[in-house]
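Work through the exercises below with the model on screen. Try each task before you read its solution.

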Amino acid sequence: MSLEGKKIILGVCGSIAAYKSLILLRYLTKAGADVKVILTQDAQKFVGKLSFASLSSYEVLTDLSSDDQWKNHIELGLWADLFIIAPATANTIAKCATGITDNLLQAVYLSARCPVMIAPAMDLDMWAHPITQGNVKKLQSIGVQIIPVGTGLLASGLNGEGRLAEPEIIYNYILDQFNKQSDLKNKRILITAGPTFEAIDPVRFIGNHSSGKMGLRLAEAACQRGAKVDLVLGPVNENHQQINGLSIYKVVSAQDMMNKVQELENLSDYFILAAAVSDFMPENVEQEKIKKATAVPIIKLKNTPDIAQWLGMHKKNHQKLVGFALETNHVKENAEAKLHKKNMDMIVINSPRDEGAAFGHDTNKIDILKKSGEYISFELKSKRELAHDILDEMLKLG
Ligand code: C5P
């Protein structure tokens, strides 16, 4: 893939590995990218501004307090298709994680609307320190991609983890990132998310604790990758941003959700059913609020329409169906039975028993089972990262 016309900001921090950024810059410009370089004050102690200027067709930026460059930081943040900080020191990573903005690089970081990648470089103890690891996790949880550090001889003479990834490795991560920005282009994805509320009377309902977070993160990730997304969303409190390509349809009950899905079904290439649809609804909805009487009311329930089952029966060959299973016991067996019964192509399994997983959390622990029998387990991660993992596996379905 060429990087022709891609706009990249390369941020360089004060590290002995800064010389490797010159090689990375060369790779990027050779591949056709437009690269603007920002050096921190400390970076300039390791590699001179002139070296970067010679390899880039833009002025090298260094100063938040200079009139021109200060005014530019918002423009720069909007200009870029990608912002990569390589090498990123423990200090810069900590500033990114906390929002400290005492130099141009940090101001651009906070203004950037594009994907951000960070390639750390530091001594092994600084890298292993719980504070650094905590900062890295925090950045990952908001969607910053951390390029894994290398292992080997460090500038301190110690041996271990903390080396800046080699320039060609960073370059490949950048290529992958751009690939991802368009791998769902021209695809339309229907996502259901959140709980459904089934009315008992005008004020009461049967519901559940689903926050809609996993479905929202999936919708955002799919849009970032170029898809057009129809999100059919049950009643949730979660905030959602306006993003290009995302249409949100708010519904309340399982029947509302079913109606919307049936309306959109024909347009979709993929269905991802992350909604925790209520399985039961009252047979009759009382028109008036049920009075508290001496006898406790008995509410007769009936099944809600099964959206997954309906899609499984009606989907065409080119349409793929991805379901979710939230199980508390016999997790794998139940998920497998569900996959076959509902004619799904893939099922995402999560168990509310896993620490930090499922309802309401920003993290989740999932396994994926495919119709082919392939079974993949993922570590506990942010729902944002898992959304991309799920989309990666979904794309492999064809
Ligand atoms: O509720 P259950 O565990 O059977 O859910 C499995 C999958 O089926 C989930 O993807 C869920 O969104 C979907 N489902 C649905 N309509 C229902 C019940 C479940 O689409 N009425």
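Predicted model: local features only at pLDDT ≥ 70, side-chain atom pairs only at ≥ 80, totals over all residues.

**Exercise 1.** Decide whether His388 is buried or exposed, and state where His388 sits.

Solution. 
- Locate the residue. His388 belongs to helix 14, which covers residues 383-396.
- Read its relative accessible area: 16%.
- Apply the cut-off. Buried means under 20%. His388 has 16%, so His388 is buried.
- List the contacts, leaving out residues up to four places away in sequence. His388 touches Lys180, Ala221, Gln224 and Arg225.

**Exercise 2.** Find which strands stand at the edges of the open sheet of 8 strands, and explain what follows for them.

Solution. 
- Write down the strand order: 12-11-8-13-16-17-19-20, with mixed pairing.
- Look at the edges. Strand 12 (246-250) and strand 20 (375-377) stand there.
- Count partners. Each of these two has a single partner strand, so one side of each lacks a neighbour in the sheet.
- From one strand to the next, it averages 15°.
- Check a pair. Strand 11 (residues 228-233) runs parallel to strand 12, with 5 bridges. Asp230 has Ser247 of strand 12 as its bridge partner.

**Exercise 3.** Describe how helix 10 and helix 13 lie on the sheet.

Solution. 
- Start with helix 10 (residues 213-224). Helix 10 lies across strands 8, 11, 12, 13 and 16.
- Give its angle. Helix 10 runs at about 165° to strand 11.
- Move to helix 13 (residues 331-341). Helix 13 packs on the sheet and touches strands 16, 17, 19 and 20.
- Helix 13 makes about 150° with the direction of strand 17.

Note on methods. Residues numbered from 1 in each chain as written. Heavy atoms only, no water. Helix = DSSP H or I, 4+ residues; strand = E, 2+ residues; numbered from the N terminus. Buried < 20%, exposed > 50% of the residue type's maximum accessible area, 1.4 Å probe, protein only. Contact = heavy atoms within 4.5 Å. Pairing = 2+ DSSP bridges. Axes fitted to C-alpha atoms, helices over the stretch in contact; angles between N-to-C directions.
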